[in-house]
Every structure is written in C-alpha cells, then in structure tokens.
Amino acid sequence: MSLPDLTYVSAPMVNQSDAPFRLLTRRYGATLTPLVVQLCGNDPELVVKAARQVQTHCDGIDLNLGCPQEHAREGHFGGYLLGKQDWPLVQSMVSSMSHSSLVPTSTKIRLCPSSDPRSATATFGQLLEHAGASWVTLHARHVSAKRRRQGAADLDAVRALKETLSIPVISNGNVRTFDDVRVNLEYTLADGAMVGEALLGNPKLFAADLPDPVLISLEYLDICKRLPDVTPLNTIRTHVRRFIEFQCSRRPWYPKFRGAISECQSIGDIENLLHRRVARWRGKTAKVLDSKDDDIQGPSDVQVREGHIK
C-alpha cells in the first residue's frame with residue numbers, strides 16, 4: 001500500500017475537523033488532513049467492522065490510543081490502553097485492522113505508563129509495527145484527563161521511537177509556530193509533524209504565515225458557504241472565535257466579540273459581525289475589508305459536484 005504524504009499533518013480533533021477547516025489547512029500547507037478516519041474502542045471485532053465500513057471513503061484508518069479525556073477512561077479506550085496489561089488487546093486490534101483493511105492502518109499514541117516511559121513507548125511501538133501499523137504518531141506526553149497538555153512534550157521520546165522503528169514516525173507536541181515544526185523535525189528526526197491546537201488559531205501555520213484574523217475567518221466562511229449543510233453552526237462559530245482569539249484575545253473589545261458571535265444565527269450574521277463591528281473595533285473600515293474580498297477567496301480548489309468534494 002502506498003502511504004500519504006505525512007510531512008505536515010492536521011491533527012484529528014473532536015468537533016473541529018470539519019471539511020471546510022481541513023480544506024483550509026490543506027490550502028495552506030497541510031499535506032495530510034483527517035481524511036484518515038480515526039477509530040477508538042477496545043473490541044477487535046467491532047473495530048474491524050467499523051474499519052470495513054469506512055475503508056472505501058478514506059486514505060487510511062487510525063486507531064486512537066492517545067485520547068486522555070474522561071469518557072475514554074470510563075470506556076477503557078484511547079490512551080487508557082497504553083498500560084502493558086492491555087498490549088495484547090491492542091496488538092490484536094491493530095493486527096486485525098491491518099490484515100482486513102484495503103487502506104493503511106496507523107496508530108496515535110501517548111507515552112506509556114512506566115518507570116522508563118521512553119523505553120516502554122519504544123517497545124510498544126515495535127509491537128504496533130509488528131502488528132501491521134503503517135506509521136505511528138506519538139504525542140509525547142502522559143495521559144491525564146484533567147490536564148491534557150501538562151508540561152512540554154518529551155521530544156527525546158519521539159527521537160527514541162524513530163530510532164527504534166522502521167516505519168514512519170510522526171511527532172506531535174510543542175508547536176505554536178512553523179519554526180517550532182522545523183526544530184521539532186530536526187531534533188526528533190521524525191518523518192512528519194502533526195499539529196492540532198496551534199492550527200485552530202493559525203490555519204496557515206504550515207505555510208509559515210500569520211494571516212489577518214478577520215480575513216482568514218472570511219476565507220473559512222467562504223468555504224463553508226461552498227459546502228452548505230456540512231458543518232454545524234456551532235462549530236463554525238467556534239472556528240471563527242479561535243481565529244480571532246489567537247491574535248486578539250487581549251484587545252479590550254474581545255469580550256464584546258465573544259458575546260456577539262455567540263448570538264450569530266447564520267454565516268451571514270458572522271460575516272456582518274466581522275465586516276462591521278469587528279472592523280470598527282479594530283479601527284478599520286468595512287470598506288477596507290470589502291476591497292479585499294477578492295483576496296480571501298483563495299484558489300478555486302473547493303468544488304461540489306454530485307455530492308463530492310474536489
């Protein structure tokens with residue numbers, strides 16, 4: 001099986017990996033967006049059944065072994081399968097998926113609980129490789145339901161994993177800018193970098209650019225309009241809020257913006273908010289933004305024909 005380009009990966013994020021956002025990040029440098037379907041669970045038969053249902057609609061299937069949230073702990077899946085007692089179960093799931101799927105199988109993991117987490121994680125990576133994983137993504141932090149990003153990611157653990165495995169390793173963590181991506185890859189020798197939270201604030205991160213937050217918001221909304229009824233309004237509002245928040249959270253008008261966007265009931269309402277009130281708060285006229293409308297359309301890489309996205 002041929003593997004997708006893993007250099008710059010947009011992380012799968014609950015309620016944030018909608019098609020317009022994925023297309024926006026791909027437009028600006030992401031080489032892999034979550035067209036890889038991520039599954040979670042602890043029943044090999046059920047996971048394989050789900051994989052077979054989606055395999056013709058994606059480029060790969062990833063087993064989530066890193067989710068730290070409370071519902072994952074209660075359901076005993078995600079990052080709560082990293083303990084050595086669950087390794088045989090994980091091996092069975094990955095092996096079953098890789099031998100029954102038409103597309104590559106990958107895994108996203110965190111540091112394994114151990115007195116020597118780097119060594120344990122490298123050993124676990126070998127188990128995943130032998131079970132048939134095509135690549136492994138390591139978010140090199142420990143699982144914690146209360147503090148998902150407690151402390152810096154352990155890049156030495158990523159490097160150790162890369163030195164141990166013969167399959168590609170993707171590094172996840174410690175990235176806020178594109179310079180961080182470069183440093184991460186140079187240090188860990190990983191085959192690619194996965195970015196999540198930072199892309200929510202700056203979807204042009206992989207292009208080494210920091211866009212005007214209003215203009216990137218309008219560009220995202222334009223894609224949403226080209227793909228109607230794909231993304232819930234609440235998700236759209238959240239994306240726009242994050243774009244603005246990333247650069248403007250300390251502005252005196254930001255609390256008013258948060259309140260105003262929560263009241264928006266359509267994409268048109270959000271556009272009006274950005275064009276008028278936000279422009280006025282920032283000291284820029286709506287006319288200035290209107291003059292840049294042609295610039296925010298982006299390349300014509302989003303077309304909808306017969307229900308398919310191109």
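**Exercise 1.** Determine whether Phe 178 is buried or exposed.

Solution. The relative accessible area of Phe 178 is 12%. Buried means under 20% relative accessible area, exposed over 50%, and partly exposed in between, with a 1.4 Å probe and protein chains only; Phe 178 is therefore buried. This is a predicted model, in which local features need pLDDT of at least 70 and side-chain atom pairs count only at pLDDT 80 or more, while totals for chains, interfaces and linings use all residues. Residues are numbered from 1 along each chain as its sequence is written, and side-chain values use heavy atoms, with hydrogens and water left out.

**Exercise 2.** Classify the pair formed by the rings of Trp 87 and Phe 124, and locate both residues in the fold.

Solution. Rings of Phe, Tyr and Trp (its six-membered ring) pair if their centres lie within 6.5 Å, and planes under 30 degrees apart count as stacked, over 60 as edge-to-face and the rest as tilted. For Trp 87 and Phe 124 the centres are 5.2 Å apart and the planes stand at 35°, so the pair is tilted. Trp 87 belongs to helix H4 (residues 87–100) and Phe 124 to helix H5 (residues 117–131), so the pair ties together parts 37 residues apart in sequence; helices are DSSP runs of H or I with at least four residues, numbered from the N terminus. Both Trp 87 and Phe 124 are buried.

How values were computed. Helix = DSSP H or I, 4+ residues; strand = E, 2+ residues; numbered from the N terminus.
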